Every structure is written in structure tokens, then in C-alpha cells.
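Good morning, colleagues. I would ask you to keep the sequence and the coordinates in view while I speak.

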Amino acid sequence: MPHLLTRHTVFYLVILGTLIFSLLALMHNQAWWVAAVICLWLSLLGIYDLNQTRHAIRRNYPVIGNLRYFFEFIRPEIRQYFIESDKDELPFSRAERSLVYQRAKHDIDKRPFGTQNDVYGNNYEWINHSMNPVHIDNSNFRVTIGGPDCSKPYSLSAFNISAMSFGALSGNAIRALNKGAQMGQFAHDTGEGGISLYHLEYGGDLIWNIGSGYFGCRDAAGNFSEEEFVKRATHDNVKMIEIKLSQGAKPGHGGMLPGAKVTAEIARARGVPVGQDCNSPARHSAFDTPTELLAFIARLRRLSGGKPVGFKLCIGHPWEWFGIAKAMLKTGITPDFIVVDGAEGGTGAAPIEFVDHVGTPLREGLRLVHNTLVGIGLRDRIKLGASGKIISAFDMARIMALGADWCNSARGFMFAVGCIQAQACHTGACPTGVATQDPKRQKALVVEDKSVRVQQFHDNTLKALAELLGAAGLRHPTELRPHHIARRISSSEVKVLSALFPDLEPGEILEGKFRQTIFRVAWPMAREDSFDPAYSLSAALSGNTANTID
């Protein structure tokens, strides 16, 4: 009996409170009815708790057991505002978010009293400065995208908005991003959700991202449509076309937008029926092999009138990427650009296993792509972009030192338009109106204000990059090399990135000089006529490659 009273004490107290406060209201003052009604409501809740079958805690602890679910509900906010330190990465630290907010608002982004980083901790990184620093007047760093087969090359900023679809983001968020891009003269990647009216409203430069759903360029069956592609690819705002092979958040995984979320606006942008499930398959239907992928690239380049065409991928099986490289050599067709997305990337929701354990992180993936192109003698023809947790000028410098010609940021620009990392992107209940289709919630995001912040975040980040380069004695990001960045490996060992990510010599793969294990093992496995390996990885590692896979 005492144990029963312990578990049900609060329940009994609210029932007793209902009786006492009701008597007080009847006998003394009607203001007691407020307390009586509250206790009555809690008593009814307790009765419901005892009879429901879904939550054991509520059955055992009626009334008070609900506090467990309430505190679990507000746990992220409690942690973010009261427990999290400035350096905790969840996935972006408060210090990183604050840096974006300061640069977006054009506030002071300086910090007093020294670094908060442990400079003697493992993996601490820095850029080596010069005794002969230089001053850079113009921080508007740009790169020209367009290979020998491109008749309409594009001058791209070194820092751009990464792929985020309308549907994942609100209309007002897309408006603010695009207007900011137009004001700052940098590019806005549409994401695979197609080109919406919001992407076109302010005339910002667009990189049209085409995924496996072919949104905006599909027929009724969901296959690629030349006619629909031409309608949009020849639009003046579209400067580049990007085929999405995979993305860092969930590489190798498709997606489904439920019909209930397919509004008239989303349906118009994607070219799908209103109210019907909208499927993004895990793989493309327009090509099945590396050679067919390159033929598709050439086809899109021709249909677009000669605009730059490339692809975006997160590196997975290395022989699949090597197969694309071999197909370039065989066909003579090259993309104008490749964007390498890291497994640490991602703006929307994805399965936990994919978020945490699928795909190659950006630094390793980018370095593999860069070295491959150098090793087959094609690096000069193909520009490389990179995306994946790039927030600061140092993030840019490090990635550009590893081979990127430019950087994209998704979540950085989300912070610039007001995102607070509530991590409610997939619920439709975004508190700032950034990642929701609720018209009332997104109304809180004022385009005129947030677009200025988008431009200022871009401009101030590039100014910071210029200062960083100048301190290192460099005048342009193209001068960055891996040896400019150092990393502490342990308390007694420091290495420059060139030691951790060695360079390949131009053409050495073609000469069969496989100094690095990944090339020695996986390059012979790659096929230009299939994404399947020529033989199993187990066979390659054991040295037995006699039994090949057909």
C-alpha cells in the first residue's frame, strides 16, 4: 500500500484539491473555482493516464508522469540555451552560429581575450602566416566555369548558396536567398525541387540542380523530358546546370514527399500533380553507366545552348568515381564542373544511419576527386566546388587548399536568414519560418531584411578570406596549397595537410604509377561501361583478380 501511495500521491492530491477548492468556492469566494477547474482537469488527465495503454510511465505515475514527456520535448531548447558550451558542435557550435549572425548583421565579429580552442588538442588546425603579408584590395574572388565544349562560360563567386529546394525551405526563405544573391552577385543553387516562382522573382543567378526525380524537366511518367528541360535551361537566370548524383545528407537514398504536402506551388515547380506523392528515386533513369552519364552531360549542354553542365556527388565506392574518370578518357567528354559534397552536409531530414554513417567526409572525398583529375591530366579542364559544413573563411581556406575552386554553404546561409538550429526542419514547425510551408510561420521571415543579411554574410566572409590569405602572403585562393594548413596529430606531432593528403603528379595514373593504395586497388576495378566493379574488392585486396564480375 505505501508503494501504491508513492506512485499515485500526486493523482490523489489533485483529486483532493478538486474537492477542497470546490468547497471553498461554494462557501467563501468564487475565485477558488480557477484552482478547482485546474485540479479537475489534472484529475481527468490522471484517469486517462491510468486507462491508456501506450505509455507505461503514465500508467504507473498518473499526472506527474507527463512531466517526463514535457521535459523531453523541451530538452533541445534547454540544452541549447543553458547547457551547451560555445564550442559544442550540434551540429554547429554556438560560436560558429554567432559568427554567421554577426557577419550577416554587419556587427563586430572580433573576439577579445584570446582563442577558446585548445591549440594543443588533437586535430587543431591553423594556417601558417607569412613574415611578408600582403594587402588584398578586392575580395570579390571569382572563378570561370566552362570547359572547352562550353560556349557560355559563367564567372562564379568563390562563395555561393548550396542546394536547398523550395518545399524544404519556405517561399520567403527562397526569396531572401535569391534576392541576397542578386544583390551580392553570387549564385543560388535551386536544390533538386525545381525552379519555383520564388527563385525567379528577384533575378538572382541560378544553378539548376537536377536530381533523379527530374523536377521541372520530366514527363508524366517521371522520365527526363527534353522539351521541359529546354523551357527552363534557356532561361536567362539559369547560369549552370548541376546533375545531382548523390548528396552528403543521405547518399544512395531516395525520398518521398507525401501528397498532402504537394501544394499547387510545389507541384508547379516540380512538374507533378497536386496532392499526389512525389517520388525521388535513389538512382537516375536517364543513364545506367559512366559513359551514359557523360553522354547525358553533353546532351544537356547542347540543349541548354552551351551553358556549363556538371554533377554533384558524395564519394562512395571509389571504383564508381574512377569509372566516371575512365569514361572521360574514353569518350573525350568532360563535365564543366564537379561539386563534391561531404557526408557532414545536409539541411533537411534523413535517416539517422545515413546522417551518421554513410558517405565519405568532404576532405577525403574532395582530395580523391582532385588527385584523380590531376593523375589523368584533366584537372585544368574541370573546376571543383565543395560543400559540407563550410561556415567561416578558415573553412573555405582549408577546403580550397585541398583542391576546391569554390565553396558552397547551405546551413550557413540558413543561419543568415534567421535559422536558429532548432532542428525542426522536417516537422513543418520551424520557429523562424525558414524551413516550413506554413504561411503564418513563414510570414515572420521578412524578405527585405533577411536578403540584406544574406548579401552581408557572403561579402563579409570573403573579406575575412582575403585577410586570411593576405596574412599568409597569398593574393588569391588559387594560390592555396595543402602545405599552407597545419594539423596537430597528437601532443607531440604536427603535420601539414600535404603530408596527410599527398599530391599526385600530372598524368601519373595514366603512366600506371599507383603510389597511393586507393588508386592501386580501386583503379583497376573501375569500368567505364558499368558502375559495377570489374572484380570484387575482396579479390583485389587478396591479390586474386582472376575471377572477374561480368
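In strand 10, Gly-310 is the bridge partner of Glu-242. The chain then crosses from strand 10 to strand 11 by way of helix 11 (residues 318-331), in a right-handed β-α-β crossover. Right-handed here is a matter of definition: with the strands pointing away from the viewer, the path from the first strand over the helix to the second runs clockwise. Helices and strands are DSSP runs numbered from the N terminus, with helices being H or I of at least four residues and strands being E of at least two.

A word on provenance. This is a predicted model, in which local features need pLDDT of at least 70 and side-chain atom pairs count only at pLDDT 80 or more, while totals for chains, interfaces and linings use all residues. Residues are numbered from 1 along each chain as its sequence is written, and side-chain values use heavy atoms, with hydrogens and water left out.

Let me stay with strand 10, residues 309-313. Strands are said to pair if DSSP finds at least two bridges between them. Strand 10 is joined by four bridges to strand 11 (residues 337-341), and these two run parallel. Within strand 11, Phe-337 is the bridge partner of Gly-310. Gly-310 therefore has a named partner in strand 11 by the bridge criterion, which asks for at least two bridges per strand pair.

How many of the residues of strand 10 are buried? Five of its five residues are, where buried means under 20% relative accessible area, exposed means over 50%, and partly exposed lies in between, with a 1.4 Å probe and protein chains only. Both faces are covered: Val-309, Phe-311 and Leu-313 lie on one side, Gly-310 and Lys-312 on the other, and all are buried.

On to strand 7, residues 238-244, where six of the seven residues are buried. Strand 7 pairs with strand 10 in the parallel sense over four bridges, and Ile-243 has Phe-311 as its bridge partner in strand 10. Strand 7 is also joined to strand 6 (residues 205-210) by five bridges, again with the strands running parallel. Across that pairing, Asn-209 stands opposite Glu-242.

I turn next to strand 13, residues 406-409. Trp-406 and Asn-408 point one way from this strand, Cys-407 and Ser-409 the other way, and all are buried. Strand 4 (residues 159-161) is joined to strand 13 by three bridges in a parallel arrangement, and Asn-160 has Asn-408 as its bridge partner. Strand 12 likewise pairs with strand 13 in the parallel sense over three bridges, with Gly-385 opposite Trp-406. Strand 12, helix 14 and strand 13 together make a right-handed β-α-β unit.

Some loop residues deserve a look. Where is Lys-389 found? Lys-389 lies in the loop between strand 12 (383-387) and helix 14 (393-401). Its phi is near 60 degrees, a positive value in a residue other than glycine. Lys-389 counts as partly exposed because its relative accessibility is 25%. His-106, in the loop between helix 5 (94-105) and strand 1 (125-127), also has a positive phi, near 65 degrees.

Is Asp-380 buried or exposed? Asp-380 is exposed, because its relative accessible area is 75%. Asp-380 sits in the loop between helix 13 (362-375) and strand 12. Asp-380 and Gly-147 are 233 residues apart in sequence, yet their C-alpha atoms are 8.7 Å apart in space.

Finally, the chain as a whole. The chain holds 20 helices and 15 strands, and its C-alpha atoms fill a box of roughly 100 × 60 × 55 Å along the principal axes. Of its 550 residues, 49% are buried. Among contacts, meaning heavy atoms within 4.5 Å, with a separation of 6 or more, 67% are between residues 24 or more positions apart.
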